Amino acid sequence: MQKISVSKIRIISIAALSLLLLFVLLWLSGCSEASGALFAVVLPGMTAGKTVSGEPLTTALVEEYSPSLLQSEIDERITKIRPMSTPIDQISRYKGARKSGSMVVDYYSVDLRPTEAVITSSYVEPDESSVTNSHTRALLSPNNSDAFEVSDTIMVQGVKGYESDGTTQSKANLVLYVVGKDVETGKVLVSAVNGKNIGGVANCVPTIYPGMRLMRMGRAATELDVQTAQFETLPIKEQNYCQIFKMQIEQSTFMKLANKEVEWDFSDQEEAAIYDMRLGMEKTFLFGIKQKIYDPVKKENVSLTGGIWWQAGKQFEYDADADWNHSTLVDMMQKCFTGNAGNKRKVLIAGSDLIGRLNKMEVYKTSSSDNTMVKWGLDFNELTSKFGKLYVLHSEVFDACMKSDCGLIFDPEYIQKWSHVPFASQMLDLKKAGIRNTDALVLTEASCMTLRYPNAHMRIVPNNA
(Lines give C-alpha, C1' and ligand atoms only; values in the text may rest on other atoms or scores of the structure.)
Protein backbone atom coordinates (compact mmCIF):
# COMPACT_ATOMS: atom_id res chain seq x y z
CA MET A 1 0.00 0.00 0.00
CA GLN A 2 1.27 3.45 -0.92
CA LYS A 3 1.95 5.68 2.05
CA ILE A 4 0.15 9.06 2.25
CA SER A 5 2.33 11.99 3.21
CA VAL A 6 1.55 14.26 6.13
CA SER A 7 1.05 17.24 3.81
CA LYS A 8 -1.56 15.36 1.78
CA ILE A 9 -3.38 14.37 4.96
CA ARG A 10 -3.40 18.06 6.00
CA ILE A 11 -4.85 19.13 2.64
CA ILE A 12 -7.54 16.42 2.82
CA SER A 13 -8.42 17.51 6.38
CA ILE A 14 -8.75 21.16 5.37
CA ALA A 15 -10.95 20.20 2.41
CA ALA A 16 -13.16 18.06 4.62
CA LEU A 17 -13.44 20.84 7.17
CA SER A 18 -14.41 23.28 4.42
CA LEU A 19 -17.12 20.92 3.16
CA LEU A 20 -18.43 20.50 6.70
CA LEU A 21 -18.48 24.29 7.20
CA LEU A 22 -20.32 24.74 3.88
CA PHE A 23 -22.90 22.14 4.96
CA VAL A 24 -23.44 23.95 8.28
CA LEU A 25 -23.87 27.27 6.51
CA LEU A 26 -26.43 25.82 4.10
CA TRP A 27 -28.30 24.17 6.97
CA LEU A 28 -28.34 27.43 8.95
CA SER A 29 -29.56 29.32 5.88
CA GLY A 30 -32.44 26.90 5.50
CA CYS A 31 -33.34 27.32 9.15
CA SER A 32 -33.28 31.10 8.80
CA GLU A 33 -35.75 31.00 5.90
CA ALA A 34 -38.10 28.81 7.93
CA SER A 35 -37.95 30.94 11.05
CA GLY A 36 -37.70 34.39 9.42
CA ALA A 37 -34.41 35.08 11.23
CA LEU A 38 -30.99 35.46 9.68
CA PHE A 39 -27.89 33.86 11.21
CA ALA A 40 -24.31 34.85 10.51
CA VAL A 41 -21.25 32.78 11.33
CA VAL A 42 -18.27 34.74 12.62
CA LEU A 43 -14.95 32.96 12.70
CA PRO A 44 -12.35 33.89 15.32
CA GLY A 45 -10.19 36.79 14.21
CA MET A 46 -12.74 38.05 11.66
CA THR A 47 -14.78 41.30 11.90
CA ALA A 48 -18.53 40.89 11.69
CA GLY A 49 -20.23 42.71 8.81
CA LYS A 50 -23.81 43.95 8.62
CA THR A 51 -26.18 41.63 6.78
CA VAL A 52 -29.40 43.04 5.39
CA SER A 53 -32.43 40.99 4.34
CA GLY A 54 -35.96 41.78 3.29
CA GLU A 55 -35.09 45.23 1.88
CA PRO A 56 -32.85 46.68 -0.82
CA LEU A 57 -29.44 48.09 -0.05
CA THR A 58 -29.67 51.90 -0.13
CA THR A 59 -27.33 54.79 0.58
CA ALA A 60 -29.32 55.54 3.75
CA LEU A 61 -28.51 52.07 5.13
CA VAL A 62 -24.86 52.43 4.14
CA GLU A 63 -24.62 55.81 5.90
CA GLU A 64 -26.20 54.27 9.02
CA TYR A 65 -24.16 51.05 9.29
CA SER A 66 -21.00 51.80 7.29
CA PRO A 67 -20.62 55.57 6.95
CA SER A 68 -17.03 55.37 5.68
CA LEU A 69 -17.93 53.13 2.74
CA LEU A 70 -19.22 55.87 0.43
CA GLN A 71 -16.89 58.72 -0.45
CA SER A 72 -18.21 62.26 0.09
CA GLU A 73 -17.94 64.95 -2.53
CA ILE A 74 -15.13 67.41 -1.86
CA ASP A 75 -17.64 70.26 -1.34
CA GLU A 76 -19.17 68.39 1.60
CA ARG A 77 -15.76 68.21 3.25
CA ILE A 78 -15.04 71.85 2.55
CA THR A 79 -18.29 73.03 4.18
CA LYS A 80 -17.08 71.63 7.51
CA ILE A 81 -13.99 73.85 7.60
CA ARG A 82 -14.83 76.90 9.76
CA PRO A 83 -18.23 77.57 8.15
CA MET A 84 -19.17 80.57 10.34
CA SER A 85 -16.38 82.66 8.79
CA THR A 86 -17.66 82.29 5.21
CA PRO A 87 -21.50 82.25 5.24
CA ILE A 88 -21.99 83.21 1.57
CA ASP A 89 -19.65 80.48 0.31
CA GLN A 90 -21.14 78.04 2.83
CA ILE A 91 -24.75 78.58 1.73
CA SER A 92 -23.82 78.43 -1.96
CA ARG A 93 -22.06 75.07 -1.51
CA TYR A 94 -25.03 73.60 0.36
CA LYS A 95 -27.36 74.75 -2.42
CA GLY A 96 -25.03 73.44 -5.12
CA ALA A 97 -23.53 75.22 -8.11
CA ARG A 98 -24.83 75.33 -11.67
CA LYS A 99 -22.40 74.18 -14.32
CA SER A 100 -21.16 76.96 -16.59
CA GLY A 101 -19.68 76.03 -19.95
CA SER A 102 -17.81 79.32 -20.15
CA MET A 103 -15.87 81.72 -17.97
CA VAL A 104 -18.51 84.32 -18.88
CA VAL A 105 -21.92 83.76 -17.27
CA ASP A 106 -25.00 85.33 -18.86
CA TYR A 107 -28.14 85.26 -16.75
CA TYR A 108 -31.51 86.98 -16.72
CA SER A 109 -33.12 88.79 -13.83
CA VAL A 110 -36.66 90.13 -13.65
CA ASP A 111 -38.48 92.28 -11.13
CA LEU A 112 -42.13 92.89 -10.50
CA ARG A 113 -43.79 96.09 -11.57
CA PRO A 114 -43.34 98.79 -8.89
CA THR A 115 -46.19 98.91 -6.41
CA GLU A 116 -45.59 102.35 -4.94
CA ALA A 117 -44.17 105.81 -5.57
CA VAL A 118 -43.55 109.02 -3.66
CA ILE A 119 -44.96 112.48 -4.43
CA THR A 120 -42.18 114.85 -5.51
CA SER A 121 -44.15 118.13 -5.58
CA SER A 122 -47.19 119.13 -3.56
CA TYR A 123 -50.74 119.47 -4.77
CA VAL A 124 -52.65 122.14 -2.82
CA GLU A 125 -56.44 122.05 -2.64
CA PRO A 126 -58.27 125.24 -3.72
CA ASP A 127 -60.12 127.54 -1.34
CA GLU A 128 -63.91 127.91 -1.51
CA SER A 129 -63.76 131.14 -3.54
CA SER A 130 -61.78 129.66 -6.42
CA VAL A 131 -62.98 126.03 -6.53
CA THR A 132 -64.39 124.65 -9.79
CA ASN A 133 -65.44 121.22 -11.06
CA SER A 134 -61.92 120.76 -12.48
CA HIS A 135 -60.63 120.35 -8.92
CA THR A 136 -62.25 116.93 -8.71
CA ARG A 137 -59.13 115.94 -10.62
CA ALA A 138 -55.49 116.59 -9.82
CA LEU A 139 -52.23 116.23 -11.72
CA LEU A 140 -49.71 114.47 -9.46
CA SER A 141 -45.96 114.10 -9.89
CA PRO A 142 -44.78 110.70 -8.60
CA ASN A 143 -41.09 109.82 -8.58
CA ASN A 144 -41.86 106.61 -10.50
CA SER A 145 -44.69 106.88 -12.98
CA ASP A 146 -44.15 103.27 -14.14
CA ALA A 147 -46.04 102.15 -11.04
CA PHE A 148 -49.37 103.48 -12.34
CA GLU A 149 -51.53 103.05 -15.42
CA VAL A 150 -55.00 104.22 -16.44
CA SER A 151 -57.81 102.64 -14.34
CA ASP A 152 -55.48 101.84 -11.42
CA THR A 153 -56.64 102.82 -7.95
CA ILE A 154 -54.18 104.46 -5.57
CA MET A 155 -54.16 104.72 -1.79
CA VAL A 156 -52.44 107.82 -0.40
CA GLN A 157 -50.66 107.14 2.85
CA GLY A 158 -50.78 110.01 5.31
CA VAL A 159 -53.94 111.62 3.87
CA LYS A 160 -57.38 110.73 5.21
CA GLY A 161 -60.40 110.48 2.96
CA TYR A 162 -63.90 111.79 3.68
CA GLU A 163 -67.31 110.30 4.36
CA SER A 164 -70.12 110.47 1.81
CA ASP A 165 -71.10 113.98 3.01
CA GLY A 166 -67.66 115.22 1.98
CA THR A 167 -67.07 117.16 5.19
CA THR A 168 -66.49 114.50 7.86
CA GLN A 169 -63.02 113.01 7.71
CA SER A 170 -63.11 109.19 7.67
CA LYS A 171 -60.75 106.64 9.20
CA ALA A 172 -59.84 105.35 5.74
CA ASN A 173 -57.03 106.75 3.64
CA LEU A 174 -57.68 108.85 0.58
CA VAL A 175 -58.20 106.71 -2.52
CA LEU A 176 -57.62 108.03 -6.05
CA TYR A 177 -58.55 106.71 -9.49
CA VAL A 178 -56.12 107.13 -12.40
CA VAL A 179 -57.87 108.90 -15.28
CA GLY A 180 -54.88 109.60 -17.50
CA LYS A 181 -51.09 109.59 -17.71
CA ASP A 182 -48.64 111.88 -19.47
CA VAL A 183 -45.92 109.62 -20.83
CA GLU A 184 -43.48 112.47 -21.54
CA THR A 185 -43.62 114.20 -18.14
CA GLY A 186 -44.55 111.15 -16.07
CA LYS A 187 -47.39 113.04 -14.37
CA VAL A 188 -50.56 111.16 -13.45
CA LEU A 189 -54.09 112.61 -13.68
CA VAL A 190 -56.28 111.30 -10.87
CA SER A 191 -59.77 111.82 -9.53
CA ALA A 192 -60.84 111.40 -5.90
CA VAL A 193 -62.92 108.41 -4.81
CA ASN A 194 -63.58 109.61 -1.25
CA GLY A 195 -62.63 113.24 -1.70
CA LYS A 196 -63.51 116.49 0.05
CA ASN A 197 -66.51 118.78 -0.43
CA ILE A 198 -65.12 122.31 -1.06
CA GLY A 199 -67.53 125.20 -1.69
CA GLY A 200 -70.32 122.87 -2.80
CA VAL A 201 -68.11 120.91 -5.25
CA ALA A 202 -68.06 117.25 -4.21
CA ASN A 203 -65.09 114.87 -4.36
CA CYS A 204 -62.35 117.45 -4.67
CA VAL A 205 -58.79 116.18 -4.25
CA PRO A 206 -57.43 117.37 -0.89
CA THR A 207 -53.88 118.63 -0.32
CA ILE A 208 -51.11 116.08 -0.85
CA TYR A 209 -47.61 117.03 0.32
CA PRO A 210 -44.20 115.91 -1.07
CA GLY A 211 -42.87 112.69 0.40
CA MET A 212 -46.29 111.10 0.84
CA ARG A 213 -46.47 107.56 -0.54
CA LEU A 214 -48.82 106.46 -3.28
CA MET A 215 -49.64 102.75 -3.04
CA ARG A 216 -51.02 101.07 -6.17
CA MET A 217 -54.06 98.88 -5.58
CA GLY A 218 -56.30 96.95 -8.01
CA ARG A 219 -57.57 98.17 -11.35
CA ALA A 220 -61.19 99.21 -11.73
CA ALA A 221 -62.79 98.71 -15.16
CA THR A 222 -66.17 99.84 -16.48
CA GLU A 223 -68.90 97.50 -17.68
CA LEU A 224 -68.12 98.13 -21.35
CA ASP A 225 -64.34 97.88 -21.01
CA VAL A 226 -62.83 95.11 -23.09
CA GLN A 227 -59.24 96.24 -22.99
CA THR A 228 -57.08 97.77 -20.30
CA ALA A 229 -53.63 99.29 -20.03
CA GLN A 230 -51.00 96.86 -21.22
CA PHE A 231 -48.67 95.15 -18.80
CA GLU A 232 -45.29 93.79 -19.81
CA THR A 233 -42.32 92.61 -17.85
CA LEU A 234 -39.17 91.45 -19.61
CA PRO A 235 -36.12 89.82 -18.06
CA ILE A 236 -32.95 91.89 -18.24
CA LYS A 237 -29.77 90.17 -19.34
CA GLU A 238 -26.91 90.48 -16.87
CA GLN A 239 -23.37 89.14 -17.03
CA ASN A 240 -20.65 88.10 -14.64
CA TYR A 241 -17.18 86.59 -15.00
CA CYS A 242 -15.95 83.43 -13.35
CA GLN A 243 -12.76 84.01 -11.43
CA ILE A 244 -10.06 81.33 -11.12
CA PHE A 245 -9.25 80.86 -7.44
CA LYS A 246 -6.06 78.93 -6.63
CA MET A 247 -4.07 77.91 -3.58
CA GLN A 248 -0.83 75.85 -3.49
CA ILE A 249 0.54 73.90 -0.54
CA GLU A 250 4.06 72.50 -0.36
CA GLN A 251 6.02 70.49 2.18
CA SER A 252 9.62 69.41 1.77
CA THR A 253 10.57 65.76 2.13
CA PHE A 254 12.85 66.56 5.08
CA MET A 255 10.01 68.45 6.80
CA LYS A 256 7.78 65.42 6.35
CA LEU A 257 10.39 63.04 7.85
CA ALA A 258 11.40 65.30 10.76
CA ASN A 259 10.23 64.54 14.29
CA LYS A 260 7.65 67.06 15.50
CA GLU A 261 6.57 67.98 19.01
CA VAL A 262 2.91 67.97 17.93
CA GLU A 263 1.11 66.28 15.05
CA TRP A 264 1.24 68.61 12.07
CA ASP A 265 1.15 66.91 8.70
CA PHE A 266 0.23 67.73 5.13
CA SER A 267 -3.52 67.35 5.72
CA ASP A 268 -3.36 70.01 8.45
CA GLN A 269 -1.72 72.40 6.01
CA GLU A 270 -4.39 71.55 3.43
CA GLU A 271 -7.19 72.40 5.86
CA ALA A 272 -5.58 75.74 6.76
CA ALA A 273 -5.09 76.52 3.06
CA ILE A 274 -8.73 75.71 2.23
CA TYR A 275 -9.89 78.04 5.01
CA ASP A 276 -7.64 80.84 3.76
CA MET A 277 -8.84 80.26 0.20
CA ARG A 278 -12.52 80.28 1.25
CA LEU A 279 -11.99 83.50 3.19
CA GLY A 280 -10.56 85.21 0.13
CA MET A 281 -13.37 83.86 -2.06
CA GLU A 282 -15.94 85.13 0.44
CA LYS A 283 -14.57 88.67 0.17
CA THR A 284 -14.60 88.45 -3.62
CA PHE A 285 -18.12 86.99 -3.81
CA LEU A 286 -19.33 89.91 -1.69
CA PHE A 287 -17.33 92.96 -2.79
CA GLY A 288 -15.50 91.94 -5.97
CA ILE A 289 -15.56 94.15 -9.09
CA LYS A 290 -16.47 92.58 -12.44
CA GLN A 291 -13.63 93.35 -14.79
CA LYS A 292 -11.07 91.87 -17.17
CA ILE A 293 -7.49 93.09 -16.76
CA TYR A 294 -4.25 92.33 -18.61
CA ASP A 295 -1.24 90.92 -16.77
CA PRO A 296 1.83 92.33 -18.58
CA VAL A 297 4.19 89.81 -16.93
CA LYS A 298 2.17 86.69 -17.74
CA LYS A 299 0.82 88.29 -20.95
CA GLU A 300 -2.65 86.95 -20.27
CA ASN A 301 -6.06 88.34 -19.42
CA VAL A 302 -7.35 87.90 -15.88
CA SER A 303 -11.11 87.64 -15.22
CA LEU A 304 -12.37 89.16 -11.97
CA THR A 305 -15.86 88.35 -10.72
CA GLY A 306 -18.41 90.90 -9.50
CA GLY A 307 -19.71 90.68 -5.94
CA ILE A 308 -23.34 90.33 -4.93
CA TRP A 309 -23.08 93.47 -2.76
CA TRP A 310 -23.26 95.56 -5.92
CA GLN A 311 -25.97 93.37 -7.48
CA ALA A 312 -28.55 94.02 -4.72
CA GLY A 313 -31.36 96.23 -6.01
CA LYS A 314 -32.34 97.99 -2.78
CA GLN A 315 -30.51 100.06 -0.19
CA PHE A 316 -31.55 101.05 3.33
CA GLU A 317 -29.77 104.00 4.97
CA TYR A 318 -29.87 104.62 8.70
CA ASP A 319 -28.77 107.50 10.91
CA ALA A 320 -25.19 106.75 11.94
CA ASP A 321 -25.35 109.23 14.85
CA ALA A 322 -28.41 107.68 16.52
CA ASP A 323 -29.02 104.34 18.18
CA TRP A 324 -31.36 101.92 16.49
CA ASN A 325 -34.85 101.74 17.90
CA HIS A 326 -37.97 99.76 17.14
CA SER A 327 -39.04 102.16 14.40
CA THR A 328 -35.69 101.81 12.59
CA LEU A 329 -35.98 98.04 12.63
CA VAL A 330 -39.57 98.05 11.37
CA ASP A 331 -38.66 100.47 8.56
CA MET A 332 -35.78 98.21 7.53
CA MET A 333 -37.96 95.08 7.57
CA GLN A 334 -40.71 96.84 5.66
CA LYS A 335 -38.38 97.93 2.87
CA CYS A 336 -36.74 94.53 2.78
CA PHE A 337 -39.86 92.39 2.45
CA THR A 338 -42.22 94.59 0.43
CA GLY A 339 -42.32 95.52 -3.23
CA ASN A 340 -40.46 92.47 -4.55
CA ALA A 341 -40.96 88.82 -5.45
CA GLY A 342 -38.88 87.52 -2.55
CA ASN A 343 -39.66 85.05 0.19
CA LYS A 344 -40.66 85.86 3.76
CA ARG A 345 -37.47 84.30 5.12
CA LYS A 346 -34.19 86.01 4.29
CA VAL A 347 -30.62 86.13 5.59
CA LEU A 348 -28.91 89.17 7.11
CA ILE A 349 -25.12 89.08 7.35
CA ALA A 350 -23.51 92.16 8.86
CA GLY A 351 -20.42 93.61 10.50
CA SER A 352 -19.88 93.82 14.24
CA ASP A 353 -21.03 97.44 14.63
CA LEU A 354 -24.38 96.78 12.94
CA ILE A 355 -24.86 93.54 14.88
CA GLY A 356 -24.10 95.54 18.04
CA ARG A 357 -26.81 98.07 17.20
CA LEU A 358 -29.32 95.23 16.79
CA ASN A 359 -28.29 93.64 20.09
CA LYS A 360 -28.69 96.93 22.00
CA MET A 361 -32.31 97.28 20.93
CA GLU A 362 -35.20 96.43 23.16
CA VAL A 363 -37.23 93.37 22.19
CA TYR A 364 -40.84 93.99 21.24
CA LYS A 365 -43.69 91.60 20.61
CA THR A 366 -43.71 92.60 16.96
CA SER A 367 -39.96 92.18 16.50
CA SER A 368 -38.12 89.65 18.63
CA SER A 369 -34.64 88.12 18.39
CA ASP A 370 -34.70 85.43 21.06
CA ASN A 371 -34.77 82.32 18.86
CA THR A 372 -31.78 80.56 17.34
CA MET A 373 -31.63 78.00 14.57
CA VAL A 374 -29.08 75.96 12.62
CA LYS A 375 -29.30 75.91 8.83
CA TRP A 376 -26.73 75.22 6.09
CA GLY A 377 -24.29 74.31 8.86
CA LEU A 378 -24.51 77.83 10.34
CA ASP A 379 -25.87 79.11 13.66
CA PHE A 380 -28.33 81.96 13.16
CA ASN A 381 -30.35 84.23 15.41
CA GLU A 382 -33.91 84.75 14.23
CA LEU A 383 -35.26 88.28 13.92
CA THR A 384 -39.03 88.16 13.53
CA SER A 385 -41.48 90.84 12.44
CA LYS A 386 -44.91 91.05 10.89
CA PHE A 387 -43.28 91.55 7.48
CA GLY A 388 -41.07 88.47 7.56
CA LYS A 389 -38.25 86.66 9.31
CA LEU A 390 -34.51 87.36 9.12
CA TYR A 391 -31.74 84.87 9.90
CA VAL A 392 -29.02 87.09 11.39
CA LEU A 393 -25.31 86.25 11.40
CA HIS A 394 -22.17 88.24 12.13
CA SER A 395 -19.72 88.21 9.20
CA GLU A 396 -15.99 88.60 9.81
CA VAL A 397 -15.57 89.65 6.19
CA PHE A 398 -17.56 92.87 6.70
CA ASP A 399 -15.20 93.83 9.53
CA ALA A 400 -12.12 92.91 7.50
CA CYS A 401 -13.35 94.99 4.53
CA MET A 402 -13.97 98.08 6.70
CA LYS A 403 -17.74 97.68 6.55
CA SER A 404 -18.44 96.80 10.17
CA ASP A 405 -21.44 99.17 10.22
CA CYS A 406 -22.97 97.67 7.04
CA GLY A 407 -24.99 94.58 6.24
CA LEU A 408 -26.56 92.66 3.39
CA ILE A 409 -30.02 91.10 3.34
CA PHE A 410 -30.35 88.45 0.64
CA ASP A 411 -32.94 85.86 -0.31
CA PRO A 412 -31.15 82.47 -0.31
CA GLU A 413 -33.63 81.12 -2.87
CA TYR A 414 -32.41 83.64 -5.44
CA ILE A 415 -28.67 83.43 -4.93
CA GLN A 416 -26.93 81.25 -7.51
CA LYS A 417 -23.36 79.99 -7.71
CA TRP A 418 -21.93 79.19 -11.15
CA SER A 419 -18.99 76.83 -11.50
CA HIS A 420 -16.85 76.56 -14.64
CA VAL A 421 -14.27 74.41 -12.84
CA PRO A 422 -15.57 72.75 -9.63
CA PHE A 423 -13.44 72.82 -6.51
CA ALA A 424 -10.69 70.20 -6.96
CA SER A 425 -7.21 69.33 -5.74
CA GLN A 426 -4.26 68.19 -7.85
CA MET A 427 -0.98 66.69 -6.67
CA LEU A 428 2.11 68.08 -8.42
CA ASP A 429 5.16 65.84 -8.81
CA LEU A 430 7.82 68.53 -8.46
CA LYS A 431 10.48 65.93 -7.62
CA LYS A 432 10.12 64.09 -10.92
CA ALA A 433 9.99 67.39 -12.77
CA GLY A 434 13.30 68.36 -11.15
CA ILE A 435 11.96 71.56 -9.66
CA ARG A 436 11.91 71.04 -5.87
CA ASN A 437 12.15 68.17 -3.41
CA THR A 438 8.65 68.78 -2.06
CA ASP A 439 5.16 67.36 -1.93
CA ALA A 440 2.86 69.90 -3.60
CA LEU A 441 -0.91 70.22 -3.84
CA VAL A 442 -2.85 72.83 -5.84
CA LEU A 443 -6.46 73.72 -5.03
CA THR A 444 -8.49 75.23 -7.88
CA GLU A 445 -12.00 76.54 -8.48
CA ALA A 446 -13.34 78.81 -11.25
CA SER A 447 -16.69 80.24 -10.19
CA CYS A 448 -18.87 83.30 -9.67
CA MET A 449 -22.10 84.25 -7.91
CA THR A 450 -25.23 86.00 -9.17
CA LEU A 451 -28.48 87.35 -7.72
CA ARG A 452 -31.86 86.91 -9.37
CA TYR A 453 -34.68 89.35 -8.60
CA PRO A 454 -32.36 92.21 -7.53
CA ASN A 455 -35.07 93.95 -5.49
CA ALA A 456 -35.37 90.88 -3.27
CA HIS A 457 -31.94 91.78 -1.83
CA MET A 458 -30.92 94.90 0.08
CA ARG A 459 -27.80 96.65 1.31
CA ILE A 460 -27.81 98.31 4.75
CA VAL A 461 -25.47 101.29 5.07
CA PRO A 462 -25.11 104.32 7.39
CA ASN A 463 -26.11 107.67 5.93
CA ASN A 464 -22.53 108.95 6.17
CA ALA A 465 -21.04 106.15 4.07
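Ser419 stands opposite Ser447 in strand 22, where strands are DSSP runs of E with at least two residues and helices are DSSP runs of H or I with at least four, both numbered from the N terminus. Strand 22 covers residues 438-451 and pairs with strand 21 in the antiparallel sense over eleven bridges, pairing being counted if DSSP finds at least two bridges between two strands. Strand 21, residues 415-428, also pairs with strand 1, residues 97-99, but in the parallel sense and over three bridges. Within strand 21, Trp418 is the residue opposite Arg98.

This is a predicted model, in which local features need pLDDT of at least 70 and side-chain atom pairs count only at pLDDT 80 or more, while totals for chains, interfaces and linings use all residues. Residues are numbered from 1 along each chain as its sequence is written, and side-chain values use heavy atoms, with hydrogens and water left out.

The aromatic side chains come next. A pair of aromatic rings is described by the distance of the centres and the angle of the planes. A search of the whole structure finds eight aromatic pairs, a pair being rings of Phe, Tyr or Trp (its six-membered ring) with centres within 6.5 Å, called stacked if the planes are under 30 degrees apart, edge-to-face if over 60 and tilted for the rest. The ring centres of Phe287 and Phe398 are 5.3 Å apart and the planes stand at 80°, so this pair is edge-to-face. Because Phe287 lies in helix 6 (residues 266-287) and Phe398 in helix 10 (residues 396-400), the pair ties together parts that are 111 residues apart in sequence. Both Phe287 and Phe398 are buried, that is, under 20% relative accessible area, whereas exposed means over 50% and partly exposed lies in between (1.4 Å probe, protein chains only). Together with Trp309, Phe287 and Phe398 form one aromatic cluster.

Tyr241 has Lys290 over the face of its ring, at 4.7 Å from the ring centre, and Lys292 likewise lies over the face of Tyr241, at 5.0 Å; the criterion is that NZ of Lys or CZ of Arg is within 6 Å of the ring centre and within 35 degrees of the ring normal.

Gly158, in strand 5 (residues 152-162), counts as exposed because its relative accessibility is 64%. Leaving aside residues up to four places away in sequence, Gly158 touches Asn173 and Met212, contact meaning heavy atoms within 4.5 Å.

Among the cysteines, Cys336 is buried at a relative accessible area of 1%, and Cys406 counts as buried at 4% relative accessibility. The count comes to zero disulfides, a disulfide being a pair of cysteine sulfur atoms within 2.5 Å.
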